[in-house]
Amino acid sequence: MPIQATLKPERTAHNTGPPTVLVVDDDAALRRMLTLTLREYGYAVCSAADGEAALREVSLGHPDAIILDLEMPVMGGREFYRRLRGSGDDTPVIVMSAYDARPARRELGANAAIEKPFSPDALVTAVRSIV
């Protein structure tokens with residue numbers, strides 16, 4: 001379960017409660033598992049099934065981190081990431097994929113990458129590295 005990460009950003013004044021993580025994945029079962037795991041570790045969690053829905057979630061409330069699947073219908077992870085950054089949003093992003101998370105991290109400039117499948121501990125370690 002290799003994880004790569006860059007330095008975490010400073011917390012901002014608008015985020016005073018538990019860190020909020022936006023989980024973006026088209027697999028409902030995986031979204032639920034990620035949500036339950038992150039909540040168990042004290043994170044607030046919101047989720048979206050594709051990049052388009054994720055952009056709406058970001059506009060509703062600024063998450064502290066985003067866990068982003070790369071392959072999704074409607075709008076994939078790469079397009080979501082480009083639009084997020086194009087809007088000036090610098091929320092830390094962990095890209096996850098069964099195939100190309102680390103190369104995609106380098107391609108996009110994401111903060112961290114995690115390869116599927118991964119353990120709950122690997123997930124939490126990756127989130128902690130950027131929040």
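Contact here means heavy atoms within 4.5 Å. With that cut-off, residues 24 or more positions apart account for 65% of the contacts in the protein with a separation of 6 or more. The model is a predicted one.

Start with the overall layout. The protein has five helices and six strands. From the N terminus on, the order is β-β-α-β-α-β-α-β-α-β-α. The chain has 131 residues, and 48% of them count as buried.

Now turn to helices α3 and α4. Helix α3 covers residues 77–86, and helix α4 covers residues 101–108. Their axes lie 11 Å apart and meet at an angle of about 25 degrees. Angles under 35 degrees count as roughly parallel, so α3 and α4 are roughly parallel to each other. The crossing of α3 past α4 is right-handed. On the α3 side, the contact uses R78, Y81 and R82. On the α4 side, A104, E107 and L108 take part. By class, the residues of this contact divide into three nonpolar, no polar and three charged.

A104 deserves a stop of its own. This residue is found in helix α4. Its relative accessibility is 0%, so A104 counts as buried. Setting aside neighbours within four places in sequence, A104 is in contact with L70, R78 and G109. G77 is 27 residues away from A104 along the chain, and the two C-alpha atoms are separated by 9.9 Å.

Side chains of opposite charge can pair when their charged atoms come close. The salt-bridge cut-off is a side-chain nitrogen of Lys or Arg within 4 Å of a carboxyl oxygen of Asp or Glu. By this rule the model has nine salt bridges. R78 takes part in a salt bridge with E107, at 3.3 Å from N to O. E107 lies in α4 and R78 in α3, so this pair ties together parts that are 29 residues apart in sequence. R78 also forms a salt bridge with E71, at 3.5 Å from N to O.

How exposed are the partners in the helix-to-helix pair? Buried means under 20% relative accessible area. R78 has 19% relative accessibility, so this arginine counts as buried. E107, at 44% relative accessibility, counts as partly exposed.

R102 forms a salt bridge with E115, and the closest N and O atoms are 3.5 Å apart. E115 lies in strand β6 (residues 112–115) and R102 in helix α4, so the pair ties together parts that are 13 residues apart in sequence. E115 is buried, with a relative accessible area of 12%. R102, at 31% relative accessibility, counts as partly exposed.

Next comes the packing of α1 and α5. Helix α1 spans residues 28–40, and helix α5 spans residues 120–130. The axes are 10 Å apart, at an angle of about 65 degrees. Angles of 65 to 115 degrees count as roughly perpendicular, so α1 and α5 are roughly perpendicular to each other. Their crossing is right-handed. L34, T37 and L38 of α1 meet P120, L123, V124 and V127 of α5. By class, the contact of α1 with α5 has six nonpolar, one polar and no charged residues.

Two backbone features remain. Most residues other than glycine have a negative phi, and most peptide bonds are trans. Which bond is cis in this model? A cis peptide bond joins K116 and P117, with omega about -5 degrees. P117 sits in the loop between β6 and α5. V74 has a positive phi, near 70 degrees, in a residue other than glycine. V74 is found in the loop between β4 (65–69) and α3. Is V74 buried or exposed? V74 has a relative accessible area of 62%, so it is exposed.

How values were computed:
Residues numbered from 1 in each chain as written. Predicted model: local features only at pLDDT ≥ 70, side-chain atom pairs only at ≥ 80, totals over all residues. Heavy atoms only, no water. Buried < 20%, exposed > 50% of the residue type's maximum accessible area, 1.4 Å probe, protein only. Helix = DSSP H or I, 4+ residues; strand = E, 2+ residues; numbered from the N terminus. Axes fitted to C-alpha atoms, helices over the stretch in contact; angles between N-to-C directions. Parallel < 35°, antiparallel > 145°, perpendicular 65-115°, else oblique. Left-handed = near helix turned anticlockwise from the far one by under 90°. Nonpolar A, V, L, I, M, F, W, Y, C, P; charged D, E, K, R; others polar.
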